[in-house]
Every structure is written in C-alpha cells, then in structure tokens.
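Dear colleague,

Please find below the structure that I am handing over to you. My notes on it follow directly after.

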Amino acid sequence: MLSLSYLYNFEYLYSFYIKFLADTVLYLQNFALYISLWVLGYLLVCCVVYRKYARRLPTRTRGALRAKRVLIVVAHPDDECMFFGPTIFRLCEQGADVYLLCLSSGNFEGKGKIRKQELWRACQELGVPEQNVCLITDTRLQDDPKLHWPVSVIAKLIQHDLEALEIDTLVIFDRGGVSSHANHSAIFYAVAYMFVEKLMPKSKSNYIFF
Ligand SMILES: [Zn+2]
C-alpha cells in the first residue's frame, strides 16, 4: 500500500515536472518571438525615420568625414565638377565650410574667360558660397598639359590658404591626377613637397587624395 502511494506520488511529480518544463519552453519561445518582433519593428521605424530625416541633419550630427573647414585645390575650372562634384556637394550638404582654390583660368583653348564664369556658376550649384572660391592668375601656372608647374609656387598658395582659412581637411588630386594631366599631378607633388619641407600646419588635418 505504501509503495503504491509512493509510485503514484512519483508519477504525479514526474508529470508535473514535464508539464512545467514544456510550459517554460513554450513561454521562452513566445517571449523570444515577442522580443524579436519588437526589435524588428523598432529597426523598421529607425530605417524609415533615417531615410526621411537624416539627410537634413548637419555634419556634426552625422559624423561622416568630420570635415568642418575643407579646402579643395583644382588646376582648372571644370575640375571641380568632373572630379570632385559629388564630394563638394556632399560636404556642403552636410554643413561643412568648403573653399575652392583653382590654380588657373583654364585658358588652354583661349576660353579662360568663359570657363572662369562657369566655375563660379558650378560652385553656386554645388553649394560653395562665391566668396569661398578663389581663382589664381599667375604666368607660371598656365593651363597646358606639357607645362610643369613649379611645386614651390603651388605649395605657397596652399600653405597660405591652409593657415589663413584654418582648414582641417585638404582635398586634392592623387599622383596620377585622375586624368594624367600634368597640371593636376603638380598639385599632388606640391603637397608632397610641403610634407618634405615641413610646410604643413602643425594642427591636425585630414588629407584626401583623388
Ligand atoms: Zn583639369
């Protein structure tokens, strides 16, 4: 009689344990499903809000390049659109102060005057204020793919702007000048010369080469 009662109690406890286990697993499954649905919903809302509003936020909020004062150095009018257009547009859109230094009027085909006007119009479209655009007319920096521009002259111009405008980000051509134009490459060599001659401002700066 005692052993029967003991057996009965054991079976009861065992079935209770199994039921408890099954209920716990079911509860955890439901809990995980519930949480994942909430997380998914939250992420969806974040995506929608980001796509709708984030583009309007200023640079400091979004980080990006962390560029606040940017100097872009080009050789000829139209370089700013052909090679740096998306970069300039994006930086302006993000609230950075963008300055453009153009080292010649691009008079190779005698259209310097027109190209000069086009430069200002293009910059206006890209979001660069007209007072931030500077075009150099120097007999040593004539638009000509066969002409090697003196790097010390370019370096002096860049150094002046970096210091006077308190630039934190410098954007220039890479060694190949993208299109292999000697005037483009000269800007890269001028900046390399500045590093060698220790003409770069001591403050922290970003350097971006295209
Ligand atoms: Zn060019």
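Where is the place of Lys68? Lys68 sits in the loop between helix H2 (59–62) and strand E1 (69–74). Helices (H or I, at least four residues) and strands (E, at least two) are DSSP runs, numbered from the N terminus.

Two remarks on the basis of these notes come first. Residues are numbered from 1 along each chain as its sequence is written. The model is a predicted one: local features need pLDDT of at least 70, side-chain atom pairs count only at pLDDT 80 or more, and totals for chains, interfaces and linings use all residues.

Overall organisation

The protein has seven helices and five strands. Starting at the N terminus, the order of the elements is α-α-β-α-α-β-α-β-α-β-α-β. Of the 210 residues in the protein, 27% are buried. Here a residue is buried if 20 or more other C-beta atoms lie within 10 Å of its own, exposed if 12 or fewer, and partly exposed in between, with C-beta atoms placed from the backbone. Two residues are in contact if their C-beta atoms, placed in that way, lie within 7 Å. Among contacts between residues at least 6 apart in sequence, 75% join residues at least 24 apart.

The UniProt record, in an unreviewed entry, places the feature "transmembrane region" at residues 31–50. UniProt positions are given in the numbering used here, feature names are shortened, and annotations may be inferred rather than shown by experiment. In the model, the span 31–50 is 100% helix and 0% strand, and its end C-alpha atoms lie 28 Å apart.

The nonpolar core

A nonpolar core is a set of buried Ala, Val, Leu, Ile, Met, Phe, Trp, Tyr and Cys residues joined through C-beta atoms within 7 Å. The largest such core has 41 residues, of which Val70, Leu71, Ile72, Val98, Leu100 and Ile187 touch the most other members. Two or more residues each are given to this core by E1, helix H4 (85–93), strand E2 (97–102), helix H5 (112–126), helix H6 (151–164), strand E4 (169–172) and helix H7 (182–196). H7 supplies the largest share, six residues. Leaving aside neighbours within four places in sequence, Val98 is in contact with Val70, Ile72, Ile88, Leu91, Cys92, Val128 and Asn132.

The packing of H6 and H7

The axes of H6 and H7 come within 8 Å and cross at roughly 75°. Axes are lines fitted to C-alpha atoms, for helices over the stretch in contact, and angles run from 0 to 180 degrees between N-to-C directions. The two helices, H6 and H7, are therefore roughly perpendicular to each other, a term that covers angles of 65 to 115 degrees. On the H6 side the contact is made by Val151, Ser152, Ile154, Ala155, Ile158 and Gln159, and on the H7 side by Ala186, Ile187, Tyr189, Ala190, Val191, Tyr193 and Met194. By class, this contact of H6 with H7 has 11 nonpolar, two polar and no charged residues. In this scheme Ala, Val, Leu, Ile, Met, Phe, Trp, Tyr, Cys and Pro count as nonpolar, Asp, Glu, Lys and Arg as charged, and the others, Gly among them, as polar.

Ile154, in helix H6, counts as buried because it has 28 C-beta neighbours inside 10 Å. Ile154 and Ala190 are 36 residues apart in sequence, with their C-alpha atoms 6.0 Å apart in space. Apart from neighbours within four places in sequence, Ile154 is in contact with Leu103, Trp149, Ala186, Ile187 and Ala190.

Residues in the loops

Is Lys68 buried, exposed or partly exposed? Lys68 counts as partly exposed, because 16 C-beta neighbours lie inside 10 Å. Its contacts, leaving aside neighbours within four places in sequence, are Ala96, Asp97 and Asp168. The C-alpha atoms of Lys68 and Ile167 are separated by 8.0 Å, although these residues are 99 apart along the chain.

Gln94 lies in the loop between H4 and E2 and is buried, with 22 other C-beta atoms within 10 Å.

Most residues other than glycine have a negative phi. Glu166, in the loop between H6 and E4, has a positive phi near 50°. Glu166 counts as exposed, with 12 C-beta neighbours inside 10 Å. Ser180, in the loop between E4 and H7, also has a positive phi, near 65°. Ser180 is exposed, with 10 other C-beta atoms within 10 Å.

Yours sincerely

Notes:
Angles under 35 degrees count as roughly parallel, over 145 as roughly antiparallel, 65 to 115 as roughly perpendicular and the rest as oblique.
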